[in-house]
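Take a moment with the sequence and the structure below. Then follow the chain step by step.

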Amino acid sequence: MKITGFELRRIAMPLVAPFRTSFGVETERDVLLIRAATPDGDGWGECVAMSEPLYSPEFADGAAQVIERFLAPRLFAAGDLGPLDVARLLEPVRGHRMAKAALETAVLDAWLRARGESFGSYLGAVRDRVPAGVSVGIMDSIPALLDAVAGYLDQGYLRIKLKIEPGWDVAPVRAVRQRFGDDLLLQVDANAAYTLADARTLAALDAFGLLLIEQPLAEDDLRQHAVLARLLSTPICLDESIESAKDAADALLLGACSIINVKPGRVGGYLGARRIHDLAVAHGAAVWCGGMLETGLGRAANIALAALPGFTLPGDTSASDRYFAQDVTAPFVLDGGHVAVPSGPGLGVEPLPDVLAALTTSTSWLPA
Ligand code: OSB
Ligand code: MG
């Protein structure tokens, strides 16, 4: 397949409500979109890097730079290429997995659209809809949190994830359990906010029957996660620590986690994400699909991935209106707590031209 160029487009997406985590507050999603242009049509990739390097070292401005200066030129120099070539061609550049993932996704989307095949079909989806969970930010008070959770449960969400940090952990979890009962599928995400010295606090969460605790310790604390796993009965799930199938293998072999949050951007793309799925299935570990507050474009591919057989826990694959009043694609909606896997060619969704134009803050064209 011939790539004639990549368009880099920045869009500003106001969030319906501020989203607070242990690393910061998000009020607007600043998204870098990549359009791969080919003689047979376009493909889209969403870069999930956030505007500041707080979740991980990547950030949107940096991703745009590394694509323009180092990644796109390597793809252009290769001439004709397919989706399976992208990761190999970009491998000499260290890191920058979110930037690489966006390019690979755009190429894969263009290639699948030209073949008339969907992401789900190509990746190996076995379901036409997936159960939806929702990630609930840190709030100013417990009554505000209970209102937010009640609202999501009314909409039909099947699993609740509470963001936690030191000082906002046992009390909110206890309050949510007391109010909504023991049958609620409930989990927490610390975004690396604790150390092993907090093991006693984290063990206090064992009393609440959580599905998992996500990334309690720092991203490079694999061995300490293994120690913590032996101190807790709640399963440990890793997010930030897992950037590759190799990391996943290390973590599972070490006993640092028994569950993995798979985010395609964090691991360099959907093909790498599928490898982690396959590895986890072989190891008997569960995976679920995380999120990075994606627009409908990134969400479409995440939902396709979440339909693979090893994705046995509900993902952070929420409906569009949990994030945005106006999505860039036709909105993903909740139907009986599930979201439908797109079935059209490629991502199966299109950016709405007028909406895209209205949200765009800048574009640049990189010719092959
Ligand atoms: O740690 O899973 C995370 C959002 C941005 C960055 C990191 C995380 C999150 C979420 C929200 O938890 C997931 C979503 O709904 O997209
Ligand atoms: Mg997380």
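Among contacts in the protein chain between residues at least 6 apart in sequence, what percentage join residues at least 24 apart? The figure is 72%. Keep in mind that this is a predicted model.

Start with the whole chain. The protein chain has twelve helices and 13 strands. Its C-alpha atoms fill a box of roughly 60 × 40 × 35 Å, taken along the principal axes. How does that fit with a globule? A compact globule of 368 residues would have a radius of gyration near 21 Å, and the protein chain has 20 Å, so the two agree. Buried residues make up 51% of the 368 residues.

Domain 1 covers 5-116 + 352-367, and domain 2 covers 121-340. Notice that domain 1 is written as two segments. The C-alpha centres of domain 1 and domain 2 lie 23 Å apart. The contact takes 31 residues from domain 1 and 32 residues from domain 2.

Look at the domain 1 side of this contact. The elements that give two or more residues to it are β1 (5-21), β2 (24-38), β3 (41-47), α3 (97-115) and α12 (353-359). Which of them gives the most? That is α3, with eight residues. Sorted by class, the side of domain 1 that touches domain 2 has 20 nonpolar, four polar and seven charged residues.

Next comes a stretch with a label from a record. UniProt, in an unreviewed entry, places the feature "domain: Mandelate racemase/muconate lactonizing enzyme C-terminal" at residues 143-235. The end C-alpha atoms of this span lie 28 Å apart. The span is 43% helix and 12% strand.

Turn to the ligand. Which residues surround ligand 1? They are Y55, S135, D189, N191, D239, G290, G291, M292, L293, D316 and S318. By class, this shell has three nonpolar, five polar and three charged residues.

Now zoom in on single residues. L158 is found in the loop between α5 (142-155) and β6 (159-163). Is L158 buried or partly exposed? L158 has 18 C-beta neighbours inside 10 Å. A residue needs 20 or more to count as buried, so L158 counts as partly exposed. Leave aside its neighbours within four places in sequence, and L158 is in contact with P131, A132, G133, L185, P314 and G337. P367 is another matter. L158 and P367 are 209 residues apart along the chain, and their C-alpha atoms are separated by 45 Å.

H96 is found in the loop between α2 (83-90) and α3. H96 has a positive phi of about 55°, although it is not a glycine. H96 counts as buried because 21 other C-beta atoms lie within 10 Å.

A192 is found in the loop between β7 (186-189) and α7 (199-204). Phi of A192 is near 70°, again a positive value in a residue other than glycine. Where does A192 stand on burial? With 22 C-beta neighbours inside 10 Å, A192 counts as buried.

Go back to the structure and find these places yourself. Begin with α3, which gives eight residues to the side of domain 1 that touches domain 2. Then find the shell around ligand 1, with Y55 and D189 among its residues. Finish at L158, in the loop between α5 and β6.

Definitions and conventions
Residues numbered from 1 in each chain as written. Chains lettered and ligands numbered in written order. Predicted model: local features only at pLDDT ≥ 70, side-chain atom pairs only at ≥ 80, totals over all residues. Domains from an automatic or database assignment. Contact = placed C-beta atoms within 7 Å. Helix = DSSP H or I, 4+ residues; strand = E, 2+ residues; numbered from the N terminus. Nonpolar A, V, L, I, M, F, W, Y, C, P; charged D, E, K, R; others polar. UniProt positions renumbered as here; feature names shortened; annotations may be inferred. Near = placed C-beta within 6 Å. Rg over C-alpha atoms; globule rule 2.2 N^0.38 Å. Buried ≥ 20, exposed ≤ 12 C-beta atoms within 10 Å, placed from the backbone.
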